[in-house]
Amino acid sequence: MEELVAIARIVRPRALRGELVAEILTDFPERFESLRDVILVFPDGTQGELKIEEHWFQKDRIILKFAGYDSIESVAALRDAEICISEADAVELADGEYFDWQLAGCRVTTVDDRDIGVVSGIMRTGGTEILSVTGPEKEFLIPFAESICPEVDIEEKRIVIDPPEGLLEF
């Protein structure tokens with residue numbers, strides 16, 4: 001089955017012509033410039049394919065108009081749906097850069113093979129991202145820096161850390 005990546009989430013209808021306000025979930029909003037075909041994934045898991053007719057940015061959000069949706073009533077049912085693309089169409093990142101969805105769910109172990117837990121979230125601090133790792137007994141906050149996370153294997157969903165003294169305090 002094709003893996004999907006969410007790039008926006010519909011927040012609410014806007015105006016009477018069938019426009020929608022969406023929260024941007026991608027670090028690459030410029031991708032909307034050439035994007036036409038998208039897959040909507042509804043909260044119940046059902047999916048549908050739509051064509052973007054128009055788009056423009058407004059503050060930190062994007063306004064979208066889909067082909068065939070021309071009234072506020074026609075788009076009301078699209079609320080809370082995620083706008084997705086195929087994982088194969090995701091922007092290529094430089095070596096050592098990862099999407100949050102690639103890191104989420106990775107098993108975290110130390111260089112001496114001690115199991116720490118699973119990445120449950122990523123926090124952006126303006127500097128180095130912080131991995132939120134849920135262990136069997138507690139949660140750890142681990143800076144996602146190359147010096148601390150020398151090995152990241154997305155294929156195997158595994159991150160090896162070399163924690164400085166005091167980081168893990170069991």
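Modeller: The discussion below goes from the overall fold to charged pairs and then to aromatic pairs. Please note at the outset that this is a predicted model.

Biologist: How many helices and strands are there in the chain?

Modeller: The chain contains two helices and 12 strands. In sequence order the pattern is β-β-β-β-β-α-β-α-β-β-β-β-β-β. The C-alpha atoms fill a box of roughly 60 × 35 × 30 Å along the principal axes.

Biologist: What share of the 170 residues counts as buried?

Modeller: Of the 170 residues, 36% are classed as buried. The accessible surface of the chain is about 10100 Å², and carbon and sulfur atoms contribute 47% of that area.

Biologist: How many positive and negative side chains does the chain have?

Modeller: There are 17 positive and 37 negative side chains, and the centres of the two sets are 9 Å apart.

Biologist: How is a pairing of such charges to be read?

Modeller: In general, side chains of opposite charge can pair when their charged atoms come close. In this structure there are 10 salt bridges. One of them joins Arg9 and Asp80, with 3.5 Å between the closest N and O atoms. This pair links distant parts of the chain, as Arg9 belongs to strand β1 (residues 4–14) and Asp80 to the loop between α1 (72–75) and β6 (82–86), 71 residues apart.

Biologist: Which parts of the chain are tied together by Asp37 and Lys51?

Modeller: Asp37 and Lys51 form a salt bridge whose closest N and O atoms are 2.5 Å apart. Asp37 is in strand β3 (residues 37–41) and Lys51 in strand β4 (residues 47–58), so the bridge ties together parts 14 residues apart in sequence. Asp37 is partly exposed at 48% relative accessible area, and Lys51 is partly exposed at 46%.

Biologist: Which other residues take part in salt bridges?

Modeller: Among them are Asp115 and Arg107, whose side chains meet at 2.9 Å, N to O. Asp115 has a relative accessible area of 37% and Arg107 one of 35%.

Biologist: Is Phe32 buried or exposed?

Modeller: Phe32 is buried, with a relative accessible area of 0%, whereas Phe57 is partly exposed at 36%.

Biologist: What geometry do Tyr98 and Phe144 have?

Modeller: Tyr98 and Phe144 are also edge-to-face, with 6.1 Å between centres and 65° between planes. Their loops are distant parts of the chain: Tyr98 lies between β6 and α2 (100–103), and Phe144 between β10 (139–143) and β11 (151–153), 46 residues apart. Tyr98 is partly exposed at 26% relative accessibility, while Phe144 counts as buried at 17%.

Methods. Residues numbered from 1 in each chain as written. Predicted model: local features only at pLDDT ≥ 70, side-chain atom pairs only at ≥ 80, totals over all residues. Heavy atoms only, no water. Helix = DSSP H or I, 4+ residues; strand = E, 2+ residues; numbered from the N terminus. Buried < 20%, exposed > 50% of the residue type's maximum accessible area, 1.4 Å probe, protein only. Areas by Shrake-Rupley, 256 points an atom, 1.4 Å probe, with all protein chains shown as cover. Lys, Arg positive; Asp, Glu negative; His and termini not counted. Charge placed at Lys NZ, Arg CZ, Asp CG, Glu CD. Salt bridge = Lys/Arg side-chain N within 4 Å of Asp/Glu carboxyl O. Phe/Tyr/Trp six-rings, centres within 6.5 Å; stacked < 30°, edge-to-face > 60°.
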